[in-house]
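Please read them with the structure open.

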Amino acid sequence: MAELWEILHREFVYLWYYFTLQLRQIFPYWVLGMVLGSAISVFAKDRIHNAFRSLQGKRLGLVGIGVASALGIASPLCMYGTIPLAASFSRSGIQDDWLAAFMMSSILLNPQLILYSAALGSTALAVRVVSCFFCGAAAGLLVRAFYRGRPFFNFSGFEEPQSRDTDPNPLWRFLKNLGRNVKATGAYFLLGIALSALFQRYVPAQAMTALFGGNEAFGVLMAATIGVPLYACGGGTIPLLQQWLLDGMSLGSAAAFMLTGPATKITNLGAVKIVLGMGRFLLYLAFVMAFSFLTGCVVNAIL
């Protein structure tokens, strides 16, 4: 019995060491992400969304798709906040290809997650931002090519979301928003670090290299596939990705995971299915998987 307790104590010490080590590495990025996300949500969200509305009636052509994708990344809203907002945009006359670009990139990335992802290093951060932008742009281009002149979305029944940042005191508005952000992401963030500590202790680095390493298309496909069930929160996957990259995961595999994860997150899928219907929803899933796989292969070939 004493031997068992000694083993358990030793394993706990190892896990606590790995946990605290990664917590110290990533915690500053999480805090900065919380602060930036809340600041944008409280003080800049309306300006970003009004900038998108201002595109209405402008003959920007394909450039408008790129602008819409960039504004989607800048928007701090989650998917369930983005869809009612997109419904409002649609009623005001914004075309579906621009909406598709805005919504796709908004699903994948936001300012808060950009700061989280800085913990992965500048190259991985650049890959994430660029790939999310092009994924949004590609979605817009496909809607423009195949659904010109006919509706792609069904926003019936959606009203523009009411802002929860209504306190007359700007500081209190910011602090309340920050509290909601911490409450929404804190548990997932700690869970991600705990899972990362378990991976560090019990999964050999050679196994990660064999599964996700190198420039092989198989590793990219596996990463794209596991992104579907494993992704719950952007902040929670950063510790896992950081450890996987250290253990030999290729950057292309990481890029595929960072695309399929948020795009197929269960809550996001539920929201997307509502406005697409079953047929276009299946097209959405096929697009996400194909784009993620292609992006991962391209990133590995280049880097």
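1. Helices (H or I, at least four residues) and strands (E, at least two) are DSSP runs, numbered from the N terminus. By that scheme K176 lies in helix α8. Relative accessible area sorts residues into buried (under 20%), exposed (over 50%) and partly exposed (in between), with a 1.4 Å probe and protein chains only. K176 is partly exposed because its relative accessible area is 44%. The C-alpha atoms of K176 and D165 are 7.8 Å apart in space, and the two are 11 residues apart in sequence.

2. On conventions: this is a predicted model, in which local features need pLDDT of at least 70 and side-chain atom pairs count only at pLDDT 80 or more, while totals for chains, interfaces and linings use all residues. Residues are numbered from 1 along each chain as its sequence is written, and side-chain values use heavy atoms, with hydrogens and water left out.

3. Confidence comes next. The predictor's confidence in each residue is pLDDT, on a scale from 0 to 100. The protein chain has a mean pLDDT of 84, with 92% of its residues at 70 or more. Among the chain's elements, the highest mean pLDDT, 96, belongs to helix α7 (residues 122–146), and the lowest, 70, to helix α9 (residues 205–212).

4. The largest nonpolar core has 77 residues. A core here is a set of buried Ala, Val, Leu, Ile, Met, Phe, Trp, Tyr and Cys residues joined through side-chain atoms within 4.5 Å. The members that touch the most others are F52, M104, F153, F155 and Y284. Helix α13 (residues 266–302) supplies the largest share of this core, 11 residues. Taking contact as heavy atoms within 4.5 Å, and not counting residues up to four places away in sequence, Y284 touches M104, I107, A263, L269, V272 and L276.

5. How many salt bridges does the structure hold? There is one, where the term means a side-chain nitrogen of Lys or Arg within 4 Å of a carboxyl oxygen of Asp or Glu. The side chains of R144 and D97 form it, at 2.9 Å from N to O. This pair links distant parts of the chain, with R144 in helix α7 and D97 in helix α5 (residues 96–108), 47 residues apart. D97 counts as buried because its relative accessibility is 6%.

6. A nonpolar patch on the surface is formed by Y188, L191, L195, L198 and Y202, which together have about 450 Å² of accessible area. Patches take residues with over 30% relative accessible area and no salt bridge, joining like charges within 9 Å and nonpolar side chains (Val, Leu, Ile, Met, Phe, Trp, Tyr) within 5 Å. Areas come from the Shrake-Rupley method with a 1.4 Å probe; for residues, only the protein chains shown count as cover. L195 sits in helix α8 (residues 170–202), and its 30% relative accessibility makes it partly exposed.

7. A255 is in helix α12 (residues 251–263) and is buried, at 1% relative accessibility. Apart from neighbours within four places in sequence, A255 is in contact with V127, T295 and V299. A87, in helix α4 (residues 79–91), is buried at 0% relative accessibility.

8. Lastly, V31 belongs to helix α1 (residues 2–43). V31 is partly exposed, at 32% relative accessibility. V31 and V272 are 241 residues apart in sequence and 29 Å apart from C-alpha to C-alpha.
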